[in-house]
Amino acid sequence: MRHSIYSSAMRTRLIIIAAMLIVAAVAAWLLLFQPDEARLTPEAVSGRVPELSNPRFESIPTVDIADAVGWPEGVKPAAARGLTVTAFADGLDHPRWLYRLPNGDILVAETNSPPREGGGITGMVMGHLMKKAGAGVPSANRITLLRDTDGDGVADARSALLENLNSPFGMVLLGDWLYVANTDALVRYPYKPGETKITAAPQKVIDLPGGGNHWARNVVAAPDGKHLYVSIGSATNIADNGLDAEKGRAQITEIDVASGKTRVYAYGLRNPVGMAFDPIAQRLWAVVNERDMMGSDMPPDYMTAVSLGEFFGWPWNYWGGYVDKRVRPERPDLIEYTKRPDFALGAHTAPLGIDFAGDIRLGPDYANGAFVSLHGSWNRDPPAGYKVVFVPFADNGFPVRDAKPVDVVTGFLNADGKAQGRPVGVIADATGAMLIADDVGNVIWRVAPPRPIAAPPPVQ
């Protein structure tokens, strides 16, 4: 009898212990693997004075990426009232970046990340995320020339201008040279507009730190043609592999065209992909992807004017001086030298492309400001971005103080939350219509007003 009582008590204890272990396991799973749900809207975390919340640091990142499915037959993005969307070119191979030549030809970089180093669980997870996002394909390593020969808004001629590159991205024509930013070097080729094939060997301008989590290198020319600016993203999220691994990264490099000399123009920019000069003040602007694993609401990605010598905080602090306590060694001495960005674009929206009104002419509602492509989040619940927005500017050359981003092109996510497309580069065609590179739909979309709008007179 006593043995039966002891056995029953032992079973009860074992059941209680098992239940406690199950509860602890469930709690641990919820703590580690459940996504951090956003408590603020993307609009709240945008503007010149965004709403900032306390970071919710994560050991395992929130993962909520929209599955890439492409565009069904007859489906396309939706444009704001008064604008139309048509396909300028399709059947491309992961088109990422665009550039317009003086004769109106459009160059598109068909490109992707170089092969990533490292395997194991981290490599497997990264590969899975890239595949879900539509970025799991090998890089075509090609720049294609598109030409609209009859002016109907559709490219009816195309040719491979350059092939066998190394994850190319940014392009700019300066004088008789076409500069191309590969992931590991800025190179140039002799070129005259109208040519459809370059056979000359490249000339290396400067080496660049290649690859890393942020592999894309952009290049733009100053309005006077005397300097080039190259954007270089960080290798990791917050210098996870040490500062030595980030040498020459998270910065914009200036190149003196005549002498070839270089200098750091601005730094502390985690991933400054898109760059453009505004047409009035001729300031350099960049859009920047901020850090991860601080929860779905923090910190905001941003766009900002960039001047010589400015420091934007990465990796030690963000948004003008908020300390990231994860980073070692600490650098509290840098807080007072950190510039606050000019305009927040929401948390994890992944801004990549930027161009300005004046070049893009879509009507009076978009007469003064910047167009920005938001490639879309992979680590926010629910997803954010996946659209092209307009940021209105005031007469002082900066965003309107109380303005929020205005949706211009949407519909990249379908009703089920799957990605039919993802916008990257944005530029104007020769008529002032906006072209958008869509690296999931493999299309370049053309957004236009009902009738062409004349270009403004040149700035004196």
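This note goes through the sheet, the aromatic pairs and one loop lysine of the structure above.

1. Basis. The model is predicted, and local features need pLDDT of at least 70, side-chain atom pairs count only at pLDDT 80 or more, and totals for chains, interfaces and linings use all residues. Residues are numbered from 1 along each chain as its sequence is written, and side-chain values use heavy atoms, with hydrogens and water left out.

2. Overall content. The protein has two helices and 29 strands; helices (H or I, at least four residues) and strands (E, at least two) are DSSP runs, numbered from the N terminus. Of its 460 residues, 52% count as buried, where buried means under 20% relative accessible area, exposed over 50% and partly exposed in between, with a 1.4 Å probe and protein chains only. The accessible surface comes to about 20,900 Å², and carbon and sulfur atoms hold 55% of that; areas come from the Shrake-Rupley method with a 1.4 Å probe. Among contacts (heavy atoms within 4.5 Å) with a separation of 6 or more, 61% are between residues 24 or more positions apart.

3. A five-stranded sheet. An open antiparallel sheet has the strand order β1-β22-β18-β17-β16; two strands pair if DSSP finds at least two bridges between them. The edges are β1 (46-47) and β16 (272-277), each with a single partner strand, so one side of each lacks a neighbour in the sheet.

4. Pairing within the sheet. Two bridges join β1 to β22, and Ser-46 has Leu-345 of β22 as its bridge partner. Between β18 and β22 there are three bridges, again antiparallel, with Tyr-302 opposite Ala-344 in β22. Strands β17 (residues 284-288) and β18 (residues 300-306) are joined by five bridges, and Leu-284 faces Val-306 in β18. As for burial, five of the five residues of β22 (residues 343-347) are buried, so this strand is largely enclosed by the rest of the structure.

5. Aromatic pairs. There are 17 aromatic pairs; rings of Phe, Tyr and Trp (its six-membered ring) pair if their centres lie within 6.5 Å, and planes under 30 degrees apart count as stacked, over 60 as edge-to-face and the rest as tilted. One of them is edge-to-face, Tyr-366 with Phe-390, at 5.3 Å centre to centre and 90° between the planes. Tyr-366 lies in the loop between β23 (351-356) and β24 (369-374) and Phe-390 in strand β25 (residues 387-392), so the pair ties together parts 24 residues apart in sequence. Both partners are buried: Tyr-366 has a relative accessible area of 7% and Phe-390 one of 2%. Trp-285, Phe-356, Phe-393 and Phe-398 form one aromatic cluster.

6. Charges over rings. The charged end of Arg-188 sits over the ring of Trp-177, 3.7 Å from its centre. Arg-331 lies over the face of Trp-316, at 5.6 Å from the ring centre. The criterion is NZ of Lys or CZ of Arg within 6 Å of the ring centre and within 35 degrees of the ring normal.

7. Lys-197. This residue lies in the loop between β10 (185-190) and β11 (203-207) and is partly exposed, with a relative accessible area of 42%. Leaving aside neighbours within four places in sequence, Lys-197 is in contact with Ala-160, Leu-161 and Glu-163. Its side chain reaches the backbone oxygen of Ala-160 at 3.4 Å, and a polar contact of 3.2 Å joins the side chains of Lys-197 and Glu-163. A polar contact is a pair of N or O atoms within 3.5 Å; within protein, one must be able to donate a hydrogen and the other to accept it, and residues adjacent in sequence count only if both atoms are side-chain atoms. Lys-197 and Leu-162 are 35 residues apart in sequence and 6.8 Å apart in space, C-alpha to C-alpha.
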